[in-house]
Amino acid sequence: MAWILKTIAFLSPIIGGFIYGFERIVRARMQNRQGPPLLQPFYDFVKLLQKRPIQVHSFHSMMGIAFFFATWFALSAFLCGPNILVGLFLHILAMAFFIIGGFSVLSPYSVMGSLREIVHLMAVEPLLILLAVGLFLVTGTWSVEEMFKYPGIPLVYLPLVFIAFVLAIPAILKKSPFDISEAHQEIIGGPEVDYSGFFYEAIYTAKWIEYVFVFAIVFLFTGANWWLGLALSLIVFIFVNALDNSTCRTTFHQMIKFAWFFLLPLAALNIFVLALWRYVL
Amino acid sequence: MGNKMIVPFGSQHVALPEPVRFVFETENEIITNVEVDVGYVHRGIEKACQTKIGYKQVAYVVPRICGLCSISHNMAYIIAIEKLLEFEAPKRAKYLRVLAHELDRIHSHLFAMAHVAEAAGYENLVMYLFRDRELVMECLELLTGNRVQFDYGCIGGVNRDLTPEVEKELRKKLKKLEERLFWFRDVYLNDYTLNLRWKGVGVIPKEMAEKYNAAGPVARGSGVRTDARAEFDALPYRELGFEMVVYEDGDIWARNMVRMDELLISMRMIWNVLDGLPEGNYKENVKGMPKGEAVCRWEAPRGELFYHVRGDGKQILTRMRVKTPTFSNIPVLKELFIGANYADVPAIIISFDPCLSCTAR
Amino acid sequence: MLKMFIESLKNLFSEPATLPGFGTEPPKGYRGLIVYNKEKCIFCTKCELVCPAGAIRFIYPEDGSRNLEYKYNPYLCIYCGECVRECPKEGALIQTDKMPEPATKEDNPNETWFEIEKLAEESKKKWQLALAKKRQEALKKAQQAKQGKKEDNQDKKN
């Protein structure tokens, strides 16, 4: 089992690239048009490497490359490490690199985008920590490798936590209705607006790794029955894309209200009832 | 969160369809001051029409001021010249002019609504609206021979006639279009996230719209009853079933609903034209030279268009002046921005439906 | 929101609306290229006067006769069809359905058209001079013929 996880963590840019390419075709078909070819992210990679990069200053470009490597390292720590919480905190560190890179430039769009990216973190991270706590309550271990060997199905004990997580996926992957930090009609790309060429490629690839991160968490909800996990992730994939195509963008006040006053109590309620049922009754 | 920032919403921007330049001063993402710069597309068309080009050929220059409301300029100029020459077009020509003009209004309003949806971040609706706008462009191509920039009117009537095969094709396509329009009206009226985003945003109270002389759907969305089709009868609108659409709210949602309802009324007028087209000539010869002054007020898709023409008996006019609807709406825009959120700025600008090629001729 | 959700799922399994990508035909009555028939033309030059873009120019011959040469620029033309409507002879100018061919840098379309415009201006001036000279000579001949006839009559009387 350990070597499967190690291979996935090592090849995660390529796997993420395939998932992202497939998602573009699915999104295009839902809009009744023909999408790009499946290998389009890799063609973008080759094209971006040939462009001449224009740097603002070297700290800004270094933050871009640090974001890419930190995300890859966070995913490896999440999948192969001893503790799930370490992986989540390293994910926060990787986002912090991105945010600091956005703040270090004088462009107003970049600064506003970084402020909105902090709002994204504030909305999503408490939910991920509650999710880790819930999984500990069900499986009894903190290590991801042991969680994948659990014979039961944690989904049966944590339905509300799963629903809250699926509704928070748009905020992690920057899709409608919660794609506020990179709203390309309002602030033209947010914190990634000043990267070009090879450094933009680093940020683009880091987004593919986030897809692997999100779908690994979906697989965690089904323990060792990975056939069920595959079916569940396909359903979640189509649901998230259809939700992307049927809502418009909200403001960040509405996103914070939705995350803190609806999703968080939902997950907390589920864990509270589960803990009562397990340890008191 | 934040301090004073100066944000340019410049002449090149991803969300801006027209070259207009705003410079905002914001504090905590709320706007305190604004500066406007119009005039990036000035081409000197009025001067060219007064020096080099004869009055018959100006009818071909003028629709090229704008790409979307091109036929409004054409028709308004021709009606102004016909008033000077004291000529009245035959009835069949008038009905055909209404047909072309209402088809143009449909395609312009669909374009405007797709842009407003894109500014809200709703790309799926944009793709569906543009797919259905193709039906209207095909209808226009069958009728006039061109998809954009059709020079359909001429002094004395229209250029081409409506043959029976073309009428059959038009009916088929318009039937498909009407079902899709009812579907879109339902989406715009009942969608939950669009209501969250647009209700109560960018409100223009009725007194401000009357004080600053707004025009078009901007004014009709705030409760002001003004429409050039009801006040002046250059074309037979009243007998074709025209009704004015007015909403009281004044926000972005109300302006979108005004455009949506105008689309349905235009569809009804087109069916009436196709059913009751009279027989007769579609073009007649006009004699004489333009001498004197004439004024024509016309309803373009964006508001009221105003043409003033003066000649003194020669081939070249002495003065031609155009006032476009977007130019009247810019003072209201400046007043509206102060105190608004920066995140709503693209949505507000695009809900006004600016057409800068008309404004800076 | 629910309507768009269901419509997206339906569209996932149906054919996209943007196929085929290219290769469609223009419909009947499309405003296309103008075609000129030299046999039917009566050289009244009304089409040159009425064209809004100045895409038709005539080159005048040297000798003052009415045998003009027609030059047309498909890249200045706006395909409005005014020349077809103004032409008094049916069939001399026809508007077809075809679209114009694109021009490349080797064809050099702008330079060749500027040369043709200059040639048309100069040849028109020369033709007007030649025509004026012809008319003067014809007038002199007519006057001389009249004088000759008068003298003949006087001679006969005498």
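## A tour of chain B and its neighbours

Select the interface of chains B and C: 26 residues of chain B and 19 residues of chain C make the contact, where contact means heavy atoms within 4.5 Å. This is a predicted model, in which local features need pLDDT of at least 70, side-chain atom pairs count only at pLDDT 80 or more, and totals for chains, interfaces and linings use all residues. Residues are numbered from 1 along each chain as its sequence is written, chains are lettered from A and ligands numbered from 1 in the order in which they are written, and side-chain values use heavy atoms, leaving out hydrogens and water.

**Stop 1: chain B against chain C**

About 2,000 Å² is buried between chain B and chain C, and carbon and sulfur atoms give 50% of it. Buried area is the accessible area (1.4 Å probe) that two parts lose on being put together, summed over both. Now pick Q57(B), Y60(B) and W183(B). In chain B these lose the most area to chain C, together 25% of what that side buries.

Next, show D151(B) and R31(C). Their side chains form a salt bridge at 3.2 Å, N to O. The term means a side-chain nitrogen of Lys or Arg within 4 Å of a carboxyl oxygen of Asp or Glu. The rule finds two salt bridges across this interface of chain B and chain C. There are also 10 residue pairs in polar contact between chain B and chain C (both at pLDDT 80 or more). A polar contact is a pair of N or O atoms within 3.5 Å; within protein, one must be able to donate a hydrogen and the other to accept it, and residues adjacent in sequence count only if both atoms are side-chain atoms.

Colour helix 5, helix 6 (164–190) and helix 7 of chain B. Each supplies at least two residues of the side of chain B that touches chain C. Helix 5 of chain B gives the most, with seven residues. Helices (H or I, at least four residues) and strands (E, at least two) are DSSP runs, numbered from the N terminus.

**Stop 2: chain B against chain A**

Turn to chain A. Here 28 residues of chain B meet 25 residues of chain A. Chain B and chain A bury about 2,500 Å² between them, 58% of it on carbon and sulfur atoms. How many salt bridges cross the interface of chain B and chain A? The rule finds zero. Six residue pairs are in polar contact between chain B and chain A (both at pLDDT 80 or more).

**Stop 3**

Select residues 21–27 and 30–37 of chain B. These are strand 2 and strand 3, antiparallel and joined by seven bridges. Two strands pair if DSSP finds at least two bridges between them. R21(B) has D37(B) as its bridge partner in strand 3 of chain B. Two residues lie between the strands, and N28(B) takes a positive phi near 55 degrees.

Move to residues 291–300 and 303–312 of chain B. Strand 6 and strand 7 run antiparallel, with 10 bridges. E293(B) has R310(B) as its bridge partner in strand 7 of chain B.

**Stop 4: salt bridges within a chain**

Pick R229(B) and D227(B). Their side chains meet in a salt bridge at 3.6 Å, N to O. Both R229(B) and D227(B) are buried, meaning under 20% relative accessible area, with exposed over 50% and partly exposed in between (1.4 Å probe, protein chains only).

Finish with R57(C) and E117(C). Their closest N and O atoms are 3.8 Å apart in a salt bridge. R57(C) sits in strand 2 (residues 56–59) of chain C and E117(C) in helix 4 (residues 109–157) of chain C, 60 residues apart. R57(C) is buried at 16% relative accessible area, whereas E117(C) is partly exposed at 25%.
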